[in-house]
Amino acid sequence: MPDIEDGKVRSELLLQHKAFIGECHIFDGSSLLLPHKLLLPKTELVSLLKNQVVKLTIEFISELSPNSPDCLRYYNILFRRILKQMNLKQVGRNYYNKQEATEFFDHKLVIWPGYVTSILEYETSITLCADVNHKLLRMQTAYDLITGLRDPQTRKEDVEQVSKELIGSIVFTLYNNKTYRVDAINWEDNPRTKFKKSGGAEITFVDYYREQYNTEVTDLTQPLLISKGKWKKSQQDTPHKPIMLVPELCYLTGLSDKMRKDYRVMRDLALHMRLDPERRQHELRKLMNTIQTNREVQRELQLWDLKFDTNFVSFSGRILKEVRIFQGRRAFDSHPQFADWSRETRSGPLLNVKSLDHWLILYPTRNYGAASSLVQSLRKVTPTMGIAMREAKMLEVSDTVQSYTTVLENHVSSKTQMVLCVLSSEKKDLYDGIKQYLCVKCPIPSQCVVARTLDKPQTLMTIATKIAQQMNCKMGGALWKVETGLQNAMFIGIDCFHDTVNRRKSIAGFVSSINQELTQWFSQCIFQESGQELVNGLKTCLEAALKLWCKHNQFLPQAIIVYRDGVGDGQLQALMDHEVPQIESSLRSVYPKDSGCTPVYRAEVGCCAAAFTLKAL
């Protein structure tokens with residue numbers, strides 16, 4: 001008391017009483033783990049924060065067994081502390097070794113090697129699961145990008161182009177090892193602008209970075225970047241203040257479109273970032289050797305009487321049964337080593353074919369040749385697939401969203417089955433505008449293709465084949481099927497999306513198979529409160545899915561298998577308590593009471609998903 005939200009400040013306040021609580025402790029900002037009980041079940045302490053008295057209350061809650069889920073959470077906090085002691089830098093959730101960075105001066109890129117770690121109970125014991133990870137940074141700052149887009153004559157920035165390049169990108173600040181999403185650019189203010197610090201005192205950005213981080217800002221006229229920050233449950237009801245960033249101190253992350261298209265860049269990065277099993281094992285052994293030899297780390301572990309095995313856990317891998325793929329009357333293997341069966345699919349009719357009778361092709365004037373080449377190639381590949389293709393209506397457009405939508409308004413009819421749009425470039429706003437119109441305002445299956453991909457005659461037939469396959473699927477056809485070995489089983493997938501930037505509603509996606517071949521699917525979205533992971537409204541979705549299954553098959557499924565993604569280990573029990581009853585309730589309401597069907601479930605928990613099987617017995 002008073003309440004303080006900042007986790008670091010809360011830790012500093014508690015550490016003022018290190019002599020009382022002991023050196024051996026783990027604090028996550030709200031709960032404290034100790035290897036011993038304090039004398040009293042409730043203890044009140046007083047700390048000082050800039051001459052202000054702050055009261056701390058420590059209250060005994062429970063005693064944890066070593067393999068308790070809560071205890072595992074503390075082990076992970078402890079391991080993150082160990083990674084910091086090894087001088088690894090935290091960026092986001094993971095830790096990276098800045099000292100072993102690899103610099104690519106030709107490509108102006110830097111790679112920081114790092115690790116993804118998680119301590120959980122696997123198989124029969126508590127185990128550290130670790131993998132190698134990399135952070136890709138550019139040697140280019142946001143300021144470099146802005147100045148690179150200045151007009152040589154007027155020395156003024158191209159505001160529209162700068163916004164297009166920067167807004168939505170992720171930048172990295174070296175002074176605090178944090179990443180931010182750029183949501184807007186403030187052209188009115190600059191580093192000489194004053195802002196209020198948490199204490200209320202005003203200071204310019206230039207002085208703030210000089211005092212706080214010993215960092216000098218050189219260009220005092222540059223604009224400021226605006227980041228809305230990430231959504232936090234604790235801040236749900238508080239006014240949200242955006243974060244202002246100086247472009248000169250913000251390094252760009254990830255690859256630009258130009259870099260992705262550069263073969264040399266991608267080749268050089270792959271050599272460092274795509275590790276074969278031997279190199280991956282070597283890097284992880286390096287991590288374990290450092291843990292075993294670092295004195296500070298060993299001292300921390302000994303305080304808790306913890307130690308890591310020197311060897312990796314060894315176990316027998318499971319080899320999945322090879323899957324046969326069925327396409328029409330033909331069957332072929334999936335080549336599990338390569339997971340590619342595209343060559344076999346070209347030489348015979350598809351599983352379920354939809355004819356192309358009424359369809360439109362829209363193309364910019366200068367890309368008429370590319371559109372014509374595509375049509376000729378489609379004529380050659382569709383007969384083999386069994387697709388009957390009539391002449392498309394060819395329509396010329398200019399290179400704007402407005403032009404595409406206007407032409408569509410004038411030529412789309414109730415008979416139109418498919419719209420194929422040839423795009424002159426990979427402009428995101430153009431693609432998004434066309435898709436929004438054809439998904440929301442005028443719902444028609446559509447296919448977009450960039451003209452540049454049609455320029456290579458040697459790959460045109462392969463591209464035409466894939467485009468024909470996609471169009472057939474989008475019109476309700478099917479390319480192939482696999483045998484699952486389960487009769488009359490419905491498969492369901494559920495996941496959640498959270499808008500962490502704008503704090504809008506979370507969206508849960510629900511999909512379910514409605515035929516036994518698993519080639520037709522029902523889908524629905526459920527809008528939820530911001531940050532809500534567990535799904536309300538499952539009952540309605542499942543009832544609609546079961547009715548649609550019954551309409552297609554004339555009977556209800558005997559088994560329902562639900563794949564549920566996006567659930568943390570700490571949420572599994574809450575998911576069982578909240579979502580499983582909704583599913584059971586749906587089954588009871590849809591299945592006849594005298595059918596003898598009793599819903600039961602079995603949870604199979606993987607690293608990313610929990611699968612529930614509900615069987616009608």
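These legends walk through several close-up views of a predicted model.

**A few notes before you look.** Residues are numbered from 1 along each chain as its sequence is written, and side-chain values use heavy atoms, leaving out hydrogens and water. In this predicted model, local features need pLDDT of at least 70 and side-chain atom pairs count only at pLDDT 80 or more, while totals for chains, interfaces and linings use all residues.

**View 1. The protein chain as a whole.** Start by getting your bearings: the C-alpha trace of the protein chain spans about 80 × 80 × 50 Å along its principal axes. The protein chain has 17 helices and 30 strands. Of the 617 residues of the protein chain, 40% count as buried. Here, buried means under 20% relative accessible area, exposed means over 50%, and partly exposed is in between, using a 1.4 Å probe and protein chains only.

**View 2. The largest nonpolar core.** In soluble globular proteins, nonpolar side chains tend to be buried together. Here the largest nonpolar core has 28 residues, and those with the most contacts inside it are Ile26, Phe79, Ile82, Leu83, Met86 and Ile291. Helix H3 (69-85), strand S8 (109-122), strand S9 (125-141), helix H9 (277-293) and helix H10 (295-303) each supply at least two residues of this core. H3 gives the largest share of this core, 9 residues. A nonpolar core is a set of buried Ala, Val, Leu, Ile, Met, Phe, Trp, Tyr and Cys residues joined through side-chain atoms within 4.5 Å.

View 3. Side chains of opposite charge can pair when their charged atoms come close. A salt bridge is a side-chain nitrogen of Lys or Arg within 4 Å of a carboxyl oxygen of Asp or Glu, and the structure holds 22 of these salt bridges. In one of them, arginine 73 pairs with aspartate 28, with the closest N and O atoms 2.5 Å apart. Arginine 73 lies in helix H3 and aspartate 28 in the loop between strand S1 (26-27) and strand S2 (32-33), so the pair ties together parts that are 45 residues apart in sequence. Arginine 73 is partly exposed at 35% relative accessibility, and aspartate 28 is partly exposed at 33%.

**View 4. A salt bridge between a strand and a helix.** Now find aspartate 131 and arginine 280, whose side chains meet in a salt bridge (2.7 Å, N to O). Aspartate 131 belongs to strand S9 and arginine 280 to helix H9, so this pair ties together parts that are 149 residues apart in sequence. Aspartate 131 is partly exposed, with a relative accessible area of 32%, and arginine 280 is partly exposed at 28%.

View 5. Lysine 428 and aspartate 432 meet through their side chains in a salt bridge (2.7 Å, N to O). The two residues are 4 apart in helix H14 (residues 428-441), which means that about one helical turn separates them. Elsewhere, salt bridges that share partners join Glu100, Glu283 and Lys286 into one network. Lysine 286 sits in helix H9 and is partly exposed, with a relative accessible area of 30%.

View 6. Patches are made of residues with over 30% relative accessible area and no salt bridge, joining like charges within 9 Å and nonpolar side chains (Val, Leu, Ile, Met, Phe, Trp, Tyr) within 5 Å. Accessible areas come from the Shrake-Rupley method with a 1.4 Å probe, and for residues only the protein chains shown count as cover. Lys8, Arg80, Lys84 and Lys178 gather in a patch of positive charge. Lys and Arg count as positive and Asp and Glu as negative, while His and the chain ends are not counted. The place of a charge is taken as NZ of Lys, CZ of Arg, CG of Asp or CD of Glu. Lysine 178 lies in strand S11 (residues 178-181) and is partly exposed at 43% relative accessibility. Val46, Leu48 and Val53 form a nonpolar patch, with about 280 Å² of accessible area together. Valine 46 lies in strand S3 (residues 42-49) and is exposed, with a relative accessible area of 53%.
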